[in-house]
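Please walk me through this structure. Start with the terms, then move to the residues and their pairings.

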Amino acid sequence: MDRNSIGPTVERLRTGQNLTREELAARAQLVSWDISSYVIKRVENGEREVTDIELRLLAKALRVPIAVLLE
């Protein structure tokens, strides 16, 4: 069972920006979110839930509006 609906969007945005999961994790560090590339993988695969606060930080790390993640 999927634990989030944004995983495929996160992966699409990340790869569209030519970012590795490690690079996205580094960007997340810049917005004060300590997340590993492994956890990003789990988010992308729908294996991990994302809180509202994490959604906001993920949007900042990907440099997109939150609404884009929810499309």
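Buried means under 20% relative accessible area, exposed means over 50%, and partly exposed lies in between. The model discussed here is predicted.

Arginine 48 has a charged partner, glutamate 54. The two form a salt bridge, with their closest N and O atoms 2.8 Å apart. Glutamate 54 has a relative accessibility of 13%, so glutamate 54 counts as buried.

Another of them links glutamate 49 with arginine 3. Here the closest N and O atoms are 2.9 Å apart. Glutamate 49 sits in the loop between helix 3 (37–44) and helix 4 (52–62), while arginine 3 sits in the segment before helix 1. The pair therefore ties together parts that are 46 residues apart in sequence.

Next comes a pair between two helices. Arginine 14 forms a salt bridge with glutamate 44, and the closest N and O atoms are 2.6 Å apart. Arginine 14 lies in helix 1 and glutamate 44 in helix 3, so the pair ties together parts that are 30 residues apart in sequence. Arginine 14 counts as buried, because its relative accessibility is 7%. Glutamate 44 counts as buried too, at 5% relative accessibility.

Now return to the bridge of glutamate 54 and arginine 48, with its 2.8 Å separation. Salt bridges with shared partners join Arg14, Arg21 and Glu44 into one network.

The last stop is isoleucine 6. Where is isoleucine 6 placed? Isoleucine 6 belongs to the segment before helix 1 (7–16). Its relative accessible area is 5%, so isoleucine 6 is buried. Which residues does isoleucine 6 touch, leaving out those up to four places away in sequence? They are Val50, Leu55, Leu58, Leu69 and Leu70. Asparagine 45 is 39 residues from isoleucine 6 along the chain, yet their C-alpha atoms are separated by 9.3 Å.

Conventions
Residues are numbered from 1 along each chain as its sequence is written. This is a predicted model: local features need pLDDT of at least 70, side-chain atom pairs count only at pLDDT 80 or more; totals for chains, interfaces and linings use all residues. Side-chain values use heavy atoms; hydrogens and water are left out. Helices (H or I, at least four residues) and strands (E, at least two) are DSSP runs, numbered from the N terminus. Buried means under 20% relative accessible area, exposed over 50%, partly exposed in between (1.4 Å probe, protein chains only). Contact means heavy atoms within 4.5 Å. A salt bridge is a side-chain nitrogen of Lys or Arg within 4 Å of a carboxyl oxygen of Asp or Glu.
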